[in-house]
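My notes follow the order in which I checked them.

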Amino acid sequence: MGEVKRENLAEALLARHSAPRSGAGWALSARRAARDRVLALGAAGRRDEYWRYTNPAALNGAEAPDVEVLQLDETPVFDGVEKLLITFVDGVYRPDLSDDLQGENLEIMTLEEALEVDIHWASDLFGVFEARGQNPVPRPFAALNTAMAGQGVVIRANGKVTKPVALRYCRENRQSDVLLHHVIRVESGAELTVLENGAGGARLNTVMEVDVADGGSFHHLRAQGRDHTRLAITHIFARLGAEARFKSFTLTVNGQLTRNEVVLDIDGDDTKASVAGACLGDGDFLHDDTIFVTHDARDCESRQVFKKVLKNGATGVFQGKILVKADAQKTDGYQISQGLLLDDDSNFLAKPELEIYADDVACSHGSTCGAVDENSLFYLMSRGVPRKQAQNMMILAFLDEAIAEIENEELAEDIRTRLSGWAERHSA
Amino acid sequence: MFEIKNLKASLADEDKQILKGMNLKIGAGEVHAIMGPNGSGKSTMSYVASGKGGYVVDEGEVLLDGANLLDMEPDERAAAGLFLAFQYPVEIPGVGNMTFLRTAVNAQRKMRGEDELNAAQFLKIVREKAKALKIDADMLKRPVNVGFSGGEKKRNEILQMAMLEPKVCILDETDSGLDVDAMKLVAEGVNALRDGKRSFLVITHYQRLLDHIVPDVVHIMADGKIIKSGGPELALEVENNGYEGLMNEVV
Ligand SMILES: Nc1ncnc2c1ncn2[C@@H]1O[C@H](COP(=O)(O)OP(=O)(O)OP(=O)(O)O)[C@@H](O)[C@H]1O
Ligand SMILES: [Mg+2]
């Protein structure tokens, strides 16, 4: 196959989007630097160490695919909770479909606005965490996002924010090629929950840069929509101070290709972080979680919990790394990734990695892949539960460890309901 | 009521017959006990009757009220009225005990065309029955059998049996691993379900259990079939002399 040279492809990628022309000086230079990063890194290719399992071709492709806009009459995820709703339609902020951008202990504005003015805390983050996250593993789609994204939100929590900020991503255009970039700062002792919901585009590229100061707490919950053939590449770059809390959970059902990358830097002592995900795929479905957690402080705990249910040739990928630096004594690192294969055509590929330079740490990682346990299935059936229902119970049971990572029980229950809905719709 | 007729069954993976022409007939309201040496096929019989995979039926029938269970899926057999208390109850992480029980009860009711129980109705019944078996509420909230002690697992089986109100109950070594008090509890649980119609097949190695659940008939099973049947005194004979003598008698 005559592959386009990766430098040329990088240029082509940049040419596919139009970056905002205006902007404050800092914003322009941040974007320029990101542009240079894209060119220096080159486009992602099959030979890159972290793109062996997932083919980036569709993400690199000239056009976003033509994806039917799914019309659902079901209640949207997170509908029941009180929230500050911010809507993007095909990647464009829609004030008419959003709540006022204000709230207690909250500074919030669109990225578009923020890039025009001098906001020192935002300029300290925008493109900065992304740039730092390029080492040691290049993430060209994230640099592309910084260089070209003109839409997103900028949020600063100055205290406990009681209502979650809910980002809703709608689609109207069958072929929208969407870039969204969010910048979040959780100040010392502050608490913030961010929800994301929806497919967002035929091809969606999001970056979220999150800075959690000492004693801050950040919760993130995401549901990536149910549109069938959409593509998504997402990145979260987070830095956590001392005694901070960070939790991120992603629910993915359907979608042709999803790659969720999380780069976590634990910078302060006594911090706890969790990154988790549950995904369900049937048929033409590839779901990839690529996680990199760096421990650079003492007495911290990190958890990675990923569960994938796969059928009819669906593929699950997990690449998770825990890096413990020499000074990160007493680190407690946990990582589990599991695939539940509902047939022989599906597959789960895992690359768990531990790299440890401190001597007094407890890190464990496990990866398994298998079918529904026949003994358990028989036990349930022997009590009168029909096979399909028993199998769905086993699917939910399998996913439960990941869902248990969600702090808010009400939101967790909402996620469980979605999962069982999917399982019922897809039981053969 | 419940009848096993010339049942022959083999392992699906190996060419090895385990049940070699088993016959058994239990009338309504009767309690039968099966004793027999390790490996004689007692658990296999209970698995084949309830529809576990991995076995091939070579010949025979298992009839409940005239219907051949062997033609049914395991859940249909349960709805038809068969219940097996497992020798080794299965741990299922992630499935709550209560959710499981309620799903099972309602699935059976649905299959029989009865109204499903709502959460409140269900809770009331399950609390009552759990209390009688000294199963605390905490255990009900935990995942199915996960972290249960051996005795707790067996009591949980009896609780399921009490909730499902089957017609025929097979108890596979429910007394193994129980302390004296727990065994009495289990026996009381079983006796409470004896209503003159419900039938029991109690598999055990110990005559002790049969002091509490007094059987009408005791069968001795060896090498895949029943080799001798008799009254409760047969259990005493086994207790005193082992199986050796009985097996020689037959040969
Ligand atoms: N899945 C299997 N694979 C291999 N052998 C099996 C399997 N199931 C049963 N067997 C064999 O079949 C025979 C009967 O086993 P079974 O468990 O029914 O005996 P049992 O009478 O219940 O014994 P125990 O008193 O020890 O519980 C044994 O020899 C056992 O090893
Ligand atoms: Mg046995």
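I counted a polar contact as a pair of N or O atoms within 3.5 Å; within protein, one must be able to donate a hydrogen and the other to accept it, and residues adjacent in sequence count only if both atoms are side-chain atoms. This is a predicted model, in which local features need pLDDT of at least 70 and side-chain atom pairs count only at pLDDT 80 or more, while totals for chains, interfaces and linings use all residues. Residues are numbered from 1 along each chain as its sequence is written, and side-chain values use heavy atoms, without hydrogens and water.

Entry 1, the interface. I found ten residue pairs in polar contact across the interface of chain B and chain A, both residues at pLDDT 80 or more. I also found two salt bridges there, a salt bridge being a side-chain nitrogen of Lys or Arg within 4 Å of a carboxyl oxygen of Asp or Glu. I noted a salt bridge between the side chains of Arg387(A) and Glu73(B), at 3.2 Å, N to O.

Entry 2, extent. I listed 31 residues from chain B and 17 residues from chain A in the contact, where contact means heavy atoms within 4.5 Å.

I see the magnesium ion (ligand 2) coordinated by Ser43(B) through OG and Gln87(B) through OE1, at 2.0 to 2.2 Å. Donors are N, O and S atoms within 2.8 Å of the metal (3.2 Å for Na, K and Ca); water is not among the atoms, so sites may look incomplete. I checked burial, and both Ser43(B) and Gln87(B) are buried, that is, under 20% relative accessible area with a 1.4 Å probe, protein chains only.

How values were computed: Chains lettered and ligands numbered in written order. Buried < 20%, exposed > 50% of the residue type's maximum accessible area, 1.4 Å probe, protein only.
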